[in-house]
Amino acid sequence: MHNLWIIKYTLRAMLLCGVALAGCENMIQEIDIAPSNFPPKLAVSATIDTDSGTFNLTFTEARSLGSYKKWRSENSTIIRKGTVSLYEDDNPTPIYRIVDGGNGQGFDMSLRSYESGFSVEKKGLVLKAGSAYRLTLEVEGYPTATSTVVMPDDPAVEDIALDTGKKIHKRYPYFIGLSGGGSYGGDMDFYPLNIRLKDNSRDRDYYMFRLESTTVIPNDNYVYTETPHIATANRALIQDNPDMEANPLSIENFEDVYLFERMLVSDMSFANATGTIDLLLQEWLVKASAPLPCDTASQQYEQRTSMDICISHLSAITYEHHRSLALQRNGVDFFTEPVSIPSNIENGFGCFAAINTIRKTIHESYTCFFDGLYY
């Protein structure tokens, strides 16, 4: 009898599906699209950031689907001569330039399964809010790729406060990674980290928060930097966070704290006002600090660890590009809509991003030594 009920409802489900599919036949329209086949262009990923005056650039060759009609090796070597220039406002002299890869041999733009294309990082540039920056890539064999962005205003931070006297316990933390996907963790304790942030303009503004921990051991000339997770329990704050949008959560929605390697938010929850960004810092990141300085006579220490909060004001294209990539990484299924990757590279593909960052040290810990004894 039980099996008969299963058969009965299975046949009913099949009948309903058949009716639904039959109803969809009239909605189907065939579109004749010519295969994409265009000459190779440059695929560019570039960022300027006021934090340390940093310019990051990676570019490689972008091929159309039509170019694969004839077999070609993905690992073939691609070396091209050319010039990359970064200009500020209307100044005809670039603030930074790379000629022939910086070594006279050309740019290595080979497509590989690892470290594809040419990459460079330059620090120490003077980047100013409100200035327009133009990037041009003149590489033989490709149309000149160019893009212009305006550096956003400084983040209008009024106050930053870490309260190590108040511990907050969470039972269901959810970790969200940069490469998509998430994972659950066990019980965790946090300290509140509150930021008073004033909205910059009447337009939609976008921000990024991240932590940076730096450990210095002077005697060994050793410096180590890492980026711990930053957290929040406020769902309203991250209601349009791209990584949250791309990560399916539990049906029960029992997560009570969310941890990010870098957290992107808009001003949706505090538009045209000053809002409190209520973040959380993992307890284990805050270690007991020795009196500062360790020794008032010699000011010597064995090890120092400083924790910085980095607050960035992003250009709109930066947020939109990151969102599209996050949604693309989420995968494709029957109900997925195509994801359009926005680009601001003329005669090329990719994104030239402008980020205005301020940082503040929110905690320091020292391992001190006196007469050979450590404290």
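This is a predicted model: local features need pLDDT of at least 70, side-chain atom pairs count only at pLDDT 80 or more; totals for chains, interfaces and linings use all residues.

Let me start with D308, which is buried at a relative accessible area of 9%. Buried here means under 20% relative accessible area, exposed means over 50%, and partly exposed is in between, with a 1.4 Å probe and protein chains only. Residues are numbered from 1 along each chain as its sequence is written, and side-chain values use heavy atoms, with hydrogens and water left out.

Back to D308. Its side chain meets that of R359 in a salt bridge, 3.0 Å from N to O. By salt bridge I mean a side-chain nitrogen of Lys or Arg within 4 Å of a carboxyl oxygen of Asp or Glu. D308 sits in strand β21 (residues 303-314) and R359 in strand β22, so the pair ties together parts that are 51 residues apart in sequence. Strands here are DSSP runs of E, at least two residues, numbered from the N terminus.

Within it, R210 and E212 meet at 3.2 Å, N to O. R210 counts as buried at 16% relative accessibility, and E212 does too, at 15%.

The count of salt bridges comes to 9. One of them joins K128 to E88, with the closest N and O atoms 3.6 Å apart. K128 is in the loop between β7 and β8, E88 is in strand β4, and they are 40 residues apart. K128 is partly exposed at 40%, whereas E88 is buried at 14%.

On to a sheet. Four strands, in the order β5-β4-β8-β9, form an open sheet with antiparallel pairing; two strands pair if DSSP finds at least two bridges between them. At the edges are β5 (96-99) and β9 (145-150), each pairing on one side only. On average, neighbouring strands of this sheet are turned by 5° against each other, direction ignored. That uses lines fitted to C-alpha atoms as axes, with angles from 0 to 180 degrees between N-to-C directions. Strand β8 (residues 132-139) is joined to β9 by 6 bridges, and T136 has T146 as its bridge partner in β9.

What about the nonpolar side? The largest nonpolar core has 29 residues, and I48, L57, F59 and L135 have the most contacts inside it. A core is a set of buried Ala, Val, Leu, Ile, Met, Phe, Trp, Tyr and Cys residues joined through side-chain atoms within 4.5 Å. Strands that each supply at least two of its residues include β1 (41-49), β2 (54-62), β8 and β22 (348-367). Take I48: leaving aside neighbours within four places in sequence, its contacts (heavy atoms within 4.5 Å) include L86, L127, Y133, V149 and F352. There is also a second, separate core of 28 residues, with I230, M244, I309 and I362 among them.

I362 brings me to A161, my last stop. Their C-alpha atoms are separated by 7.7 Å, though the two are 201 residues apart along the chain. A161 is in strand β10 (residues 156-162) and is partly exposed, at 33%. Beyond its neighbours within four places in sequence, A161 is in contact with P192, L193 and N194.
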